[in-house]
Amino acid sequence: MSNIELSQIDRTVIGADGGVPSQGGDTSRASANRLGARGLQLLSWLAPVLLVIVWEWLAQAGWLSPQVLPAPSKVMRTAFKLATTGTLLNDLGVSLLRAAAGFTIGAAVGAGLGILVGFSRIAEAAIDRSVQMIRAIPFLAALPLVIVWLGVGEAEKIFLVALGVTFPIYINTVLGIRQVDPKLIELGRVQGLGAIQLIRRIILPGALPSILTGVRYALATAWLALVVAETIGAQSGIGFLAMDAREFLRTDVIVLTIVIYALIGVAADGIARFLERRLLAWHPNYGAAR
Amino acid sequence: MNVHVAPLSPTSFESGPAVVVSNLMRSYGSRVVIEKLNLRIERGEFVALLGESGCGKTTLLRALAGLDSIQGGRIVAPRRPAVVFQEHRLLPWDSLWRNVSLGLQIPNARERAAEALTEVGLGDRLDDWPRNLSGGQAQRVALARALVQQPELLLLDEPFAALDALTRIRMHELVRELVANHQPGVLLVTHDVDEAIALADRILVMRNGAIAFEHRAARDGSTPISRAELLGELGVMSHSPS
């Protein structure tokens with residue numbers, strides 16, 4: 001993995017200078033790297049593809065009971081059937097909506113508190129210890145309490161997601177603001193920036209890499225929170241689909257929901273990476289390099 | 001706040017001093033770093049400030065820049081001085097023109113930044129990132145960022161110390177040219193004796209928080225100061241035959 005990234009960085013550095021490298025050796029090395037990277041990438045996909053093929057073969061041959069693990073082809077057929085005649089798309093939409101709502105609320109609270117604490121020592125003294133103490137609780141342990149408060153409905157699910165999202169965003173926002181190079185802040189003062197300009201031009205851009213790391217963690221926790229929340233007393237959503245299927249021992253549907261959760265997790269990570277590439281184009285570790 | 005940065009009367013605006021420092025006092029706790037320091041820099045005058053580490057020369061520059069408070073005395077400057085630090089301090093997330101126009105409150109900031117970047121020979125790199133610059137190029141952008149503010153006082157805090165010898169010589173030429181064009185008063189803090197001789201109209205040596213030696217070069221260079229003499233003032237024994 002790191003090899004692939006390194007060779008891609010090489011390539012963009014050569015591209016960024018705009019010109020053809022003066023030494024011919026550089027170009028050939030770059031193309032060799034490119035070939036090598038492609039080969040490595042193919043290789044990295046080989047194992048998972050093989051695994052699926054073996055799985056399919058075992059299922060077809062009857063070595064794997066469909067009650068235990070249905071064949072991948074069966075899962076795909078189920079997916080198609082549920083999408084066309086069933087409620088799969090609706091359930092998927094409901095789940096995504098819950099995740100989005102919870103994430104938005106949690107991110108707003110986390111970033112708001114983080115900015116407050118990052119800028120003000122007084123706010124830090126007033127807020128930070130409490131937040132850190134709440135953070136020490138694995139947020140899923142709060143689930144029974146949340147159910148007592150809010151019942152098993154939409155509010156409970158969104159609340160749980162928001163709870164999981166708040167802390168990674170909060171911590172990384174505070175960290176990011178605190179880690180901004182004091183020399184750059186000093187420069188801002190020398191250039192005559194006011195407080196708002198200083199925040200807009202120097203502190204927030206400087207904190208952004210850390211904040212986006214928080215976003216990435218938060219997306220993962222949001223997903224975990226959603227799975228747990230939907231497993232308990234949901235009337236719709238991917239989790240409901242899974243629990244409903246459990247009643248009827250429909251392992252194909254259960255496997256399908258697991259795969260969907262995984263795919264959405266991958267998509268969420270892709271979104272985070274996309275944001276990093278767009279917003280941190282200036283940063284040598286992000287930007288065009290990935 | 002003990003810093004008094006008061007505007008001078010408009011009549012003295014044209015050819016008045018870039019900064020007047022009187023009886024400056026600066027201390028960290030009980031340790032006095034600058035004591036009763038007086039200094040006047042005219043507009044268009046290039047002053048180099050030499051001194052060994054810890055003599056208070058950077059402290060003086062920071063006080064003039066308004067970055068540190070002072071415990072006594074007065075600093076009178078017509079407007080906010082511009083500073084170039086030893087590190088370029090470019091914002092890595094902003095393009096070069098955005099860096100140069102940082103703090104400019106004018107509508108055509110990009111044009112002005114473009115002019116300034118052209119002056120330092122980087123007019124074709126407006127939208128480039130700082131990370132694609134060499135050390136010397138980055139420091140040239142920092143110079144453009146300082147000069148675009150049209151300062152009456154330009155403070156240079158060892159801006160060439162981290163550059164290689166050849167780049168440094170080119171930077172000397174560039175700075176001399178820029179100062180001639182813009183006519184700010186300049187205070188260059190350095191520990192490089194040759195740099196001071198090459199650039200300055202007036203050389204000051206600071207010792208124990210006060211100015212201990214002053215040499216004023218004639219404009220035609222008729223009263224040169226020798227390297228050995230300056231090194232002597234800095235407390236370095238010169239082994240060259242005299």
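1. How many residues does the contact take from chain B and from chain A? The contact takes 14 residues from chain B and 15 residues from chain A, two residues being in contact if their C-beta atoms, placed from the backbone, lie within 7 Å. On the side of chain B that touches chain A, 8 residues are nonpolar, 2 polar and 4 charged. Here Ala, Val, Leu, Ile, Met, Phe, Trp, Tyr, Cys and Pro count as nonpolar, Asp, Glu, Lys and Arg as charged, and the others, Gly among them, as polar.

2. This is a predicted model, in which local features need pLDDT of at least 70 and side-chain atom pairs count only at pLDDT 80 or more, while totals for chains, interfaces and linings use all residues. Residues are numbered from 1 along each chain as its sequence is written, with chains lettered from A and ligands numbered from 1 in the order in which they are written.

3. On confidence, the predictor gives the complex an ipTM of 0.85 and a pTM of 0.76. Chain B has a mean pLDDT of 86, with 89% of its residues at 70 or more; pLDDT is the predictor's confidence in each residue, from 0 to 100. Among the elements of chain B, helix H2 (residues 96-100) has the highest mean pLDDT (96) and helix H7 (residues 227-233) the lowest (81). Residues 1-13 of chain B have pLDDT below 50, and this stretch has 21 contacts in the model beyond near neighbours in sequence. Helices (H or I, at least four residues) and strands (E, at least two) are DSSP runs, numbered from the N terminus.

4. Chain B contains an open sheet of 6 strands in the order S5-S6-S7-S3-S8-S9, with mixed pairing; two strands pair if DSSP finds at least two bridges between them. Strands S5 (82-84) and S9 (210-216) of chain B are at the edges with a single partner strand each, so one side of each has no neighbour in the sheet. On average, neighbouring strands of this sheet are turned by 20° against each other, direction ignored. S5(B) pairs with strand S6 (residues 153-157) of chain B in the parallel sense over 3 bridges, and Val84(B) has Leu156(B) in S6(B) as its bridge partner.

5. Helix H1 (residues 57-64) of chain B lies across strands S3 (46-50), S6, S7 (185-189) and S8 (202-207) of chain B, and runs at about 145° to S7(B). Axes are lines fitted to C-alpha atoms, for helices over the stretch in contact, and angles run from 0 to 180 degrees between N-to-C directions.

6. A further open sheet in chain B has 3 strands in the order S2-S1-S4, with antiparallel pairing. Its edge strands, S2 (31-42) and S4 (72-76) of chain B, each pair on one side only. Strand S1 (residues 17-28) of chain B is joined to S4(B) by 4 bridges, and Val21(B) stands opposite Ile75(B) in S4(B).

7. In chain B, the axes of helix H4 (residues 135-147) and helix H5 (residues 165-182) come within 11 Å and cross at roughly 15°. H4(B) and H5(B) are therefore roughly parallel to each other (angles under 35 degrees count as roughly parallel, over 145 as roughly antiparallel, 65 to 115 as roughly perpendicular and the rest as oblique). The residues of this contact of H4(B) with H5(B) comprise 6 nonpolar, 5 polar and 2 charged.
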